[in-house]
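Subject: Handover of a structure and notes on its interior

Dear colleague,

Please find the structure below. My notes on it follow.

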Amino acid sequence: MASPPLCSFCHGRFTFSSSKTIHEDLLYLLLLSTFLGSLPNSVLGECKNPPVIFNFGDSNSDTGGLVAGLGYSINFPNGRTFFRRSTGRLSDGRLIIDFLCQSVYTTFLSPYLDSMGSTFLNGANFAIAGSSTLPKNVPFSLNIQVMQFVHFKDRSIQLVAAGFRNGLYVIDIGQNDLADSFAKNLSYKEVVKKIPSVILEIKYAVEDIYAQGGRKFWVHNTGPLGCLPQKLSTVQKAPDDLDPYGCISSYNDAARVFNEALLLLCEELRYEKKDATIVYVDVYTIKYDLIANSTKYGFSSPLMACCGFGGPPYNYDVRVTCGHPGYQVCDEDSKNVSWDGIHYTEAANSIIASKILSTDYSTPRIAFDYFCN
């Protein structure tokens, strides 16, 4: 007999899993209600049968895959705000994908490579920190993640075929393709020239999943790369390449070109695959607004990492990163946009998730709970 999911709401019933203590499950419910209570009524919906979710991406949505797959150490204070321990997430707490899962009353996604106590009845997370679309066939590029999904689907005995057909496929990747290109000292024009190849890989991924029966896709664009403290502290930037908020204009321009191409891809796929639902989400605009209008949201120093080394203006040093000897971390009650110079804090992710759930940044404007079965 298959084990029950870690936490599921099916027709109003809640079941506990043997792999978690009742105390942990009750804590999850308490914090879930706190998050849902903080959302505007306009983004709350009813979801009696949560979707099975499969996530593909990089560190922005990695819930522990890097640790499970490679044994890489992601040390405390990562996880300090919500989990009170490191869970392999590169944040002080929950990621956007965690909040999206909570919004439809399902538990956090287990990493595909994590074999400890995972039932995968609510889906699986194939995202791995550092992942990109290119080069292909290297751990853990997007096409490898899709291959892992196909392998998982072929061998799964707990998820019936309908689970895959009705599943929601979330894709959040591309940031590392741009960042790695700039890191190789490619010019803006050279980076932009590579974007069609990256978009093509995302197209292949959607088509491969579609061929496996997937019909529901939720696609995030990439954020303002030029506003990351890591880039600002390590890149030699000309004063005229900084925008009014202190971000690197050329990096953000490249991200916008990528996002425009991704939007066109989603429109093309929507036209070609009329039986599929493909939602494009403009995460870039949400994140940039959070930085440009940080004080409105109660944040200070939006371009400075909470956990890092070096102090103002960016508190980022590639030699002393968060969780490694010598790091400095802000007070837990402080509100920062950036956690470690690359990834966002739980406080920021919570706001980003609430805006995503509003549908104001989605094309077409389909609510996340639309995918509840």
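Are Phe-182 and Tyr-251 buried or exposed? Both residues are buried, where buried means under 20% relative accessible area, exposed over 50%, and partly exposed in between (1.4 Å probe, protein chains only).

Before going further, please note that this is a predicted model, in which local features need pLDDT of at least 70, side-chain atom pairs count only at pLDDT 80 or more, and totals for chains, interfaces and linings use all residues. Residues are numbered from 1 along each chain as its sequence is written, and side-chain values use heavy atoms, with hydrogens and water left out.

Phe-182 and Tyr-251 form a stacked aromatic pair, 3.9 Å centre to centre with 15° between the planes. (Rings of Phe, Tyr and Trp, the last by its six-membered ring, pair if their centres lie within 6.5 Å; planes under 30 degrees apart count as stacked, over 60 as edge-to-face and the rest as tilted.) Because Phe-182 belongs to helix H6 (residues 175-183) and Tyr-251 to helix H9 (residues 249-272), the pair ties together parts 69 residues apart in sequence. Helices (H or I, at least four residues) and strands (E, at least two) are DSSP runs, numbered from the N terminus.

By this rule there are 24 aromatic pairs. One of them joins Phe-120 and Phe-152: the ring centres are 5.6 Å apart and the planes are at 70°, so the pair is edge-to-face. Phe-120 has a relative accessible area of 13% and is therefore buried; Phe-152, at 11%, also counts as buried. Ring pairs also link a cluster that includes Phe-54, Phe-56, Phe-120, Phe-149 and Phe-152.

The largest nonpolar core has 83 residues, and Phe-54, Phe-56, Trp-218 and Ile-356 have the most contacts inside it. Such a core is a set of buried Ala, Val, Leu, Ile, Met, Phe, Trp, Tyr and Cys residues joined through side-chain atoms within 4.5 Å. Helix H7 (residues 188-211) gives the most to this core, with nine residues. Another core, of seven residues, lies apart from it, and Leu-66 and Ile-74 are among its members. In soluble globular proteins, nonpolar side chains tend to be buried together.

Beyond four places in sequence, Phe-56 is in contact (heavy atoms within 4.5 Å) with residues including Phe-126, Leu-142, Phe-149 and Ile-209. The buried residues of H4 include Leu-142, Phe-149 and Phe-152, and what covers the buried residues of H4 includes strand E3 (53-57) and H7.

Yours sincerely
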